[in-house]
Amino acid sequence: MRTINSLSPLVDGLVRAGFPGVVESATETPLDLNKHLVSNTTATFFVRVDGDSMIKAGIYDGDLLVVDRSISANHNDIIVATLDGAFTVKRLYKSQGTIRLVPENPLYRPITVQDGTDFSVWGVVTWVLHKTHNTKLPVRTFRA
Amino acid sequence: MPLYALIDCNNFFVSCERAFNPKLQKKPVAVLSSNDGCIVARSSEVKALGIKMGTPVFEISHILRQHNVQLLSSNYSLYADMSSRVMETIKKFSPEIEIYSVDEAFIRIDHTSFKNPKQLGKQLHETLLSWLGIPVSIGIAPSKTLAKMACELAKSNPEYESVCVLTISEHGRDSTAEEIIDGLLKQFPTREIWGVGRQYAKRFAQNGLYTAYDIKTASSEWLRKTLGISGLRLKYELSGISILPLNTKPKPPQSIMHSRTFARPINNITDLRQSIATFTSRVCETLRSKHTRAQTIHIRIETSRHNSHEYHAQQAHVTFPAPTDDTATFLYAARHTLDRLWEVKTPYKRAAVTLTDISTNESIQSSLFEKIDPWFSQKTKPSLGTSWMSFGKYLDQSKLLQEESNKVNSITVSEPFAPEVVSDKEIVHKKAALHKKIDAINAVMGKDTLRFASTGKPKPVWQSKSEQCSPRYTTHWDELLTVS
């Protein structure tokens with residue numbers, strides 16, 4: 001599994017006179033987005049959104065979803081499911097024994113999962129990553 | 001008393017594909033070798049058609065078409081990542097793990113908080129299925145040999161629901177439990193026992209031992225006399241007395257190979273050299289990533305198999321006096337070997353570079369600390385006239401490399417084969433440091449950011465012919481699973 005490299009601490013060894021000890025001991029583990037977004041690395045997968053059926057939930061075409069397959073899906077969760085051999089991202093509605101997959105876009109209709117439909121929950125969407133600026137990723141500096 | 005669980009992924013490569021492609025569920029699916037030539041993984045539906053492992057596709061194309069078998073190129077990036085996820089998941093149940101192969105692991109479960117082995121097995125099975133979509137079979141028993149047997153039973157008998165437990169209760173010997181186990185042992189042929197080869201099975205049969213139960217009840221004396229200590233071990237293991245411990249240190253791989261079928265035949269030496277150099281760089285990267293070194297490099301080039309009467313394969317190997325992980329050393333050997341093998345005007349369709357005689361860095365450090373340079377060791381000083389390159393060249397039409405390697409006609413080349421010999425230990429260490437840096441840079445900046453000039457520019461001509469390859473869903477940002 002590939003993980004994003006941890007960022008280097010934003011403190012270099014050069015500390016001016018004054019309170020060096022304080023600064024050094026204040027150096028903590030930097031924030032790691034990977035850890036923040038992924039709680040169970042072995043069961044988490046990244047998937048890409050294709051389409052606009054979930055735009056009212058803030059999920060746009062081309063967005064990146066963090067999907068945790070170890071979480072059991074509850075009513076109202078946004079899930080990735082397999083339905084008749086295809087993947088779909090929808091909101092899960094469970095009520096009185098019926099399961100519905102509800103899109104977040106008035107142009108689409110909810111899907112009621114009929115008995116005998118080939119349906120299963122693939123994973124629960126825990127984060128949506130939406131890019132707001134059209135730049136390429138900066139070239140990471142390399143430190144040997 | 002130790003208690004082992006063997007977790008074995010069912011049709012692993014096929015299951016990995018199915019985890020990301022629900023259309024493949026319940027359909028006959030086969031995964032092909034890296035050049036799309038042979039079948040290397042089969043779904044249960046394909047096994048039921050009687051298609052054997054390793055069968056070349058062209059031999060059975062009519063059956064494959066008739067039953068609409070879905071053929072996929074192997075997606076090793078995906079399988080490797082899924083394998084490590086499977087192992088990490090298993091470790092959450094027990095940290096005492098022996099990763100036996102890409103899709104199999106033994107764990108010790110007697111130190112875990114689970115009191116009921118069957119329950120642990122079921123939970124493990126459910127977890128791997130829901131987290132990763134990988135179905136597994138699990139065998140639980142007091143010895144590894146019995147666990148392996150239990151796993152076979154779990155796999156072939158649906159009534160076990162993928163988990164078979166062969167244990168004698170913790171409090172003394174429960175006679176009914178033992179009877180049940182003996183009943184199963186009586187139905188288990190010797191040749192299917194873990195570690196019993198065809199030769200052993202034959203010897204057992206000659207002495208009237210046909211089942212696992214026969215071995216369990218055979219006389220210790222006889223077993224020791226005919227099979228030595230391993231025969232006795234087998235008896236104990238089958239009796240539920242653990243002799244084989246968990247092997248928690250990963251074994252070095254037996255060989256590392258990179259082979260590709262070219263998109264179109266290559267008949268000029270420049271392209272061929274560059275492709276061999278590229279393959280050599282790849283195997284060396286793998287070698288170093290596993291903290292191992294190799295002593296022998298094999299080069300193989302062949303023409304198209306489809307044109308069977310003109311099929312032409314040549315291979316040769318170079319064995320160094322000491323193991324190394326230096327790409328430059330292997331590149332030098334590969335280049336010289338290829339130049340000897342290559343024939344003018346021959347359209348080569350496929351090439352392979354394989355490293356063998358692999359050992360771990362640890363073991364080398366202890367035994368060869370003073371002479372780690374492969375070109376220069378005390379045993380073989382590559383002075384003029386010394387020859388230590390064995391050279392084989394032959395024609396054949398057989399299908400598998402393994403079969404063929406027995407037939408290599410080795411010719412000793414009397415010419416010295418050594419480049420600028422580096423005997424300076426300091427330079428050897430510098431080389432190691434250099435590779436460490438190169439590998440680290442490539443890990444961050446992308447494959448081949450720094451590469452040897454002899455590999456040339458990457459050209460599509462020796463890209464793998466993986467026509468039915470699924471995306472590398474878990475290791476490449478631009479190949480993620482899409483959902484709508």
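I note first that patches are made of residues with over 30% relative accessible area and no salt bridge, with like charges joined within 9 Å and nonpolar side chains (Val, Leu, Ile, Met, Phe, Trp, Tyr) within 5 Å. This is a predicted model, in which local features need pLDDT of at least 70 and side-chain atom pairs count only at pLDDT 80 or more, while totals for chains, interfaces and linings use all residues. Residues are numbered from 1 along each chain as its sequence is written, chains are lettered from A and ligands numbered from 1 in the order in which they are written, and side-chain values use heavy atoms, without hydrogens and water.

**Entry 1: a patch.** I looked up B:Tyr236, B:Ile241 and B:Ile243, which make a nonpolar surface patch of about 230 Å². B:Tyr236 belongs to helix α11 (residues 229-238) of chain B.

**Entry 2: ring pairs.** I searched the whole structure and found 17 aromatic pairs over all chains, where rings of Phe, Tyr and Trp (its six-membered ring) pair if their centres lie within 6.5 Å, and planes under 30 degrees apart count as stacked, over 60 as edge-to-face and the rest as tilted. B:Phe13 and B:Tyr76 form an edge-to-face pair, 5.9 Å centre to centre with 80° between the planes. B:Phe13 lies in helix α1 (residues 12-19) of chain B and B:Tyr76 in helix α4 (residues 76-91) of chain B, so this pair ties together parts that are 63 residues apart in sequence. I then found B:Phe20 and B:Tyr473 stacked, because their ring centres are 4.5 Å apart and their planes at 10°.

**Entry 3: a cluster.** I noted that A:Phe45, A:Phe87, A:Trp122, B:Phe20 and B:Tyr473 form one aromatic cluster.

Conventions: Accessible areas come from the Shrake-Rupley method with a 1.4 Å probe; for residues, only the protein chains shown count as cover. A salt bridge is a side-chain nitrogen of Lys or Arg within 4 Å of a carboxyl oxygen of Asp or Glu. Helices (H or I, at least four residues) and strands (E, at least two) are DSSP runs, numbered from the N terminus.
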